[in-house]
Each structure stands twice: as C-alpha cells, then as structure tokens.
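I opened this model to look up its pockets, its ligand site and its charge pairs. My notes are below the structure.

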Amino acid sequence: MEDQRLLEVSGLRVEFPRPDGPVCAARGIDLSVGKGEIVALVGESGSGKSATALGLIRLVPPPGKVCGGRVSLAGTQLLSLSEAEIRPFRGAGIAYVPQEPGVALSPVLTIGAQIVDVIRAHRKVSRRDAWKEAAASLGRVGIPDPERRVKEYAHEFSGGMKQRALIALALAARPKVLVADEPTTAIDVTLQAGILDLFRGLVDSQQLGGVLLITHDLGVVAAVCDRVLVMYAGRIVEEAPVEQLFERPLHPYTRALIASMPSAEVSRGDLPTIPGQVPDLSRLPGGCSFHPRCAVAEPRCQEEDPPLREDRPGRRVACLLEELP
Ligand code: SF4
C-alpha cells in the first residue's frame with residue numbers, strides 16, 4: 001500500500017542559546033502530515049509553534065539550532081542533508097509562509113518578478129506564461145486588479161496584501177507540503193475565508209499534498225483543518241481529529257483554549273480566559289508545565305512530567321489524570 005504520510009517529524013528539538021544556558025523551544029516534537037490533510041498546530045504565543053515550523057524546514061535563525069530529531073519528507077531525511085542538498089527540497093518539496101511578510105519579500109524586485117523566478121526555477125514555463133500565472137496567482141489569493149499589482153513592489157502593498165503575496169509565492173513552486181505560520185493573521189477577516197478555502201481546494205484537488213497550519217486561532221482550525229496538535233511550553237500536549245477535539249477535548253489546556261474562544265452567545269466581559277501566562281521556556285515549572293494554570297491539577301502534577309500517551313485510537317494526550325472526559 002502506498003505510504004500516505006508526506007511529512008513525518010519525530011523527536012524534533014530546537015534550542016536557542018542564552019547566557020544562562022540553552023532554551024529548548026521545541027522539546028521532542030512528533031507530528032505528521034498525510035496526503036490530503038490540513039493539520040493544525042495550535043497554542044498561545046510563546047508555546048514553540050514557530051520554532052517547530054522553522055526547525056522542520058531547517059530555517060532556525062542562528063545561533064538557534066535543531067539539536068535532535070528526524071524530519072522525513074516523502075521518505076527523504078531532511079536533517080541529514082547538507083545546506084546545498086536541502087535547497088531543492090525547499091519550495092517544491094516543502095514551502096514555508098512566514099509570519100512576518102515584510103522581511104520575506106524582496107524590496108528590489110516586483111512581486112511578479114519574485115513569483116516568476118520561483119515558477120521558472122521549478123518548472124519549464126516561458127517567461128511570458130510565468131507572468132500570466134503570477135498575475136493569476138495573485139488573483140487567486142484575493143488581490144484586486146492582479147495584472148497591475150503584479151508589476152508593483154512590496155512597499156506598494158499593504159500588510160495583508162504582502163501576506164497574500166507570500167502565500168502566492170509559496171504556492172508557485174507547487175509544493176508537496178505547505179507550512180504556513182499564522183497565514184491569515186494580517187488579513188482582513190472578510191478575506192481569511194477565501195485563503196482557507198483556497199488551501200482546502202488545492203489539497204482536495206491534489207495540487208497541494210498537505211498543509212501544516214500554525215495558528216493561535218481555533219476558529220481557523222475549526223473552519224479548515226482535519227487534525228489538530230495542541231502545543232504548550234514546547235511540547236505537544238494533545239492530538240485529535242478536529243471534530244473530536246471540539247466535541248471532547250481531553251487535555252485541561254485544550255479545554256481552557258476552547259472555552260476562551262469568542263462566540264456570538266457570550267456577552268462582552270463574560271469570556272473566560274486562561275489564568276496566568278505561558279511559562280518562560282528558560283524557567284519551566286517542574287512536573288507538568290501546565291500545572292500553575294491548570295484548574296484540575298493534583299499535588300503530583302508538580303512532580304511528574306506526563307508523557308504524551310495514546311488515550312484512544314487517533315488521540316494522544318499528555319496529562320497524568322487517569323479519568324479524562
Ligand atoms: Fe493539569 Fe496535572 Fe494534567 Fe498537567 S498533568 S494538565 S497539571 S491535571
């Protein structure tokens with residue numbers, strides 16, 4: 001049977017040195033993205049989601065580094081490749097949409113020229129056809145008047161348009177897997193649904209193998225994802241198919257995240273929040289990292305660090321409680 005897993009990550013560790021010792025932003029991450037899947041990696045800011053994304057594509061900014069684990073893309077071990085060997089896998093193998101669109105676009109080339117370069121680097125397409133495709137790709141991500149806009153520079157685009165141009169740029173190489181870090185955060189809410197529909201449509205029509213979508217927005221997760229990984233303090237604490245996560249969240253952190261989702265029924269001021277803050281990764285509390293904020297913590301939670309265990313088929317959770325809902 002054909003292996004349906006496109007991206008497989010196991011034991012990924014990402015460290016950043018600090019004067020008082022290295023800080024581990026991703027502490028042994030296991031995740032996978034299968035063909036036809038959109039997988040969400042969710043958690044609050046500072047939970048290690050972006051470090052995980054940068055680690056698996058080997059773009060951790062120095063002096064940070066990947067210090068352990070395996071990343072397999074359609075059977076190729078990315079972490080054992082040299083920098084020259086991994087270059088062809090970026091773009092056509094695995095493409096990345098960063099959170100900060102401003103720094104990722106060239107200020108000296110038009111948006112169109114950047115997309116054309118990517119198209120022609122990966123496919124035999126005439127320059128003229130590549131320009132047509134570049135304009136069409138801007139239209140697909142909701143940029144108005146794309147034939148004119150394709151000849152403009154990044155400084156002529158708003159923040160939301162830059163974000164959408166980056167998505168067009170990443171998709172231009174027709175990657176197997178797209179890793180998108182908060183791809184709709186800078187985009188008007190009216191356009192977000194169009195981008196999410198675009199991802200879903202590309203995956204369902206097999207023009208895109210799969211997506212790892214990094215977000216803090218559970219509304220985005222519910223709208224488009226198949227499976228969800230919840231991250232806290234550098235670790236995965238829960239994994240579930242999306243419907244099961246919302247119907248029956250197991251980990252107390254997931255339950256608190258879902259409870260703090262805005263909804264039309266909740267009046268202003270009544271929205272529950274998670275007490276406390278995401279811990280500083282250089283000073284993690286002992287035992288379960290979530291215990292200072294956990295509504296159902298027991299004394300042993302301060303001593304024991306719960307492993308990520310399979311609670312039921314397709315569901316993993318890192319919590320010491322035997323009786324989960
Ligand atoms: Fe809460 Fe304890 Fe479970 Fe951690 S192990 S999530 S502190 S109940």
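**Ground rules.** I worked on a predicted model, where local features need pLDDT of at least 70, side-chain atom pairs count only at pLDDT 80 or more, and totals for chains, interfaces and linings use all residues. Residues are numbered from 1 along each chain as its sequence is written, and side-chain values use heavy atoms, without hydrogens and water.

**Pockets.** I took a pocket as an open set of points on a 1 Å grid over the protein atoms alone, where a 1.4 Å probe fits, with protein on both sides within 12 Å along at least five of seven lines; a cavity is a set the probe cannot get out of, and lining residues have an atom within 4 Å of a point. Volume is the space filled by probe spheres set on the points, which are joined across faces, edges and corners.

I looked up the largest pocket and read a volume of about 360 Å³. I found 17 lining residues, with Arg90, Gly91, Ala95, Tyr96 and Ala170 nearest the centre.

The second largest pocket came out at about 230 Å³. Its lining has 18 residues, and Glu133, Arg140, Leu171, Ala172 and Arg174 lie nearest its centre.

**Ligand.** Which residues come nearest the ligand? I noted Cys288, Cys294, Cys301, Cys319 and Leu320, out of 13 around it. A residue counts as near if one of its heavy atoms lies within 4 Å. The space taken by the ligand is the largest cavity.

**Salt bridges.** I counted 21, each a side-chain nitrogen of Lys or Arg within 4 Å of a carboxyl oxygen of Asp or Glu. For accessibility, buried means under 20% relative accessible area, exposed over 50%, and partly exposed in between (1.4 Å probe, protein chains only).

Asp280 and Arg18 pair at 3.8 Å, N to O. Asp280 sits in the loop between α12 and β11 and Arg18 in the loop between β1 and β2, so the pair ties together parts 262 residues apart in sequence. Helices (H or I, at least four residues) and strands (E, at least two) are DSSP runs, numbered from the N terminus. Asp280 is partly exposed at 29%, and Arg18 is partly exposed at 39%.

Glu133, one of the residues nearest the centre of the second largest pocket, meets Arg123 at 2.9 Å, N to O. Glu133 is partly exposed at 23%; Arg123 is buried at 19%.

Glu238 and Arg315 meet at 2.6 Å, N to O. Both are buried.

Last, I noted a salt-bridge network that links Glu37, Arg227, Glu239 and Arg316.

Technical notes: A molecule sits in a cavity or pocket if more than half of its atoms lie within 2 Å of its grid points.
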